[in-house]
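Dear colleague,

Please find the structure below, together with a short account of the findings. I would be grateful if you would read the two side by side.

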Amino acid sequence: MDAVELNKVFHDHECAYYDDRFGIVHDAASAQQAQSEVEALLGREIEAGETVLDVGCGTGWFAAGLQRARPDVTVIGVDLSEGMLGKARLAGAANLVQGDGTKLPFADDAVDIVVGRGVLHHLPDPSLALAEWHRILRPGGALVLSSEPTPTVEQHGAILVRGLLQIPGLRGGLAEEDEFWELAAMAANLHTFTADELAALCRSAGYTEVGIETAGFAETLTMTASYASHGHAPDIADKLPWPLLTKLAAKADSVLWNRVLPASAKHTLQGVAHSS
């Protein structure tokens, strides 16, 4: 199967355990966090009456969270995976569309803000996707990106997982089907980006005032540990408070690691690009 079909099949399967393995909860606190995340990168508050499109909405971190936090805003979630859309609906997302992020069923100049959290690296042609998102943005609109992986996160994650698999209870072999899905998870991640590479892609797609920065260290390592341990030893993983650990790790990033680590050591990219 091609990369698009691979991602659809994999995410239809992964939706059943995605939130558990990444330590995600959908509640009032996470809704406020989603709003704060978008507005901090946007550099302003989301205005009442604006339309926000969450591309690759997954289980609804933005699509459900922003809708819960800002009922005065129209939030639309798009995802290729029917299974992910079902989870987003359960999380509280109201306006959901199944579709390809590079071929959106919206008119030109249709939305005020496009948000994407960890989606661009799943798409075979990021340049095509960025151009499509630019097409549907109104003049003066903005694209907010977060959680796109850098090459460093793969390097650090591989070291962490190899270490975890040396722990008794985690190092046993997987059943053939489980091994298949673990390999599919890796195959579904098609790209990593440096800040300069992602900024250049945005500019080539027609965006102006592009600002992309690196962020994240402890949070991504915690999520990697959660994902790996749930895959290899769910009985052990289920005993640990992963949402709390992930929240604490994100706080550590905010107060320490994002400030002291060089850009080359950080794990994700985030930023904003404006429509001309």
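One of the aromatic residues, Phe-22, is partly exposed, with a relative accessible area of 21% (buried means under 20%, exposed over 50%, and partly exposed in between, with a 1.4 Å probe and protein chains only). This is a predicted model, in which local features need pLDDT of at least 70 and side-chain atom pairs count only at pLDDT 80 or more, while totals for chains, interfaces and linings use all residues. Residues are numbered from 1 along each chain as its sequence is written, and side-chain values use heavy atoms, with hydrogens and water left out.

Aromatic pairs

Rings of Phe, Tyr and Trp (its six-membered ring) are paired if their centres lie within 6.5 Å; planes under 30 degrees apart are called stacked, over 60 edge-to-face, and the rest tilted. The count by this rule is three aromatic pairs. In one of them, Phe-22 and Tyr-227 are tilted, at 5.0 Å centre to centre with 45 degrees between the planes. This pair links distant parts of the chain, with Phe-22 in helix H2 (residues 18-22) and Tyr-227 in helix H10 (residues 218-232), 205 residues apart. Helices (H or I, at least four residues) and strands (E, at least two) are DSSP runs, numbered from the N terminus. Tyr-227 is buried, at 11% relative accessible area.

Phe-217 and Trp-257 also form a tilted pair, 5.5 Å centre to centre and 55 degrees between the planes. Here too distant parts of the chain are linked: Phe-217 is in the loop between strand E6 (207-215) and H10, and Trp-257 is in helix H12 (residues 242-260), 40 residues apart. Phe-217 is buried, with a relative accessible area of 19%, whereas Trp-257 is partly exposed, at 29%.

Surroundings of Tyr-227

Ring pairs join Tyr-18, Phe-22 and Tyr-227 into a cluster. Arg-21 lies over the face of Tyr-227, 3.8 Å from the ring centre (the criterion is NZ of Lys or CZ of Arg within 6 Å of the ring centre and within 35 degrees of the ring normal).

Helix H9

In helix H9 (residues 195-204), the buried residues include Ala-195, Leu-198, Ala-199 and Cys-202. They lie on the same side of H9, because they cover an arc of only 100 degrees around the axis, taken from the directions from the helix axis to the C-beta atoms. Asp-196 and Ser-204, on the other side of H9, are exposed.

With kind regards
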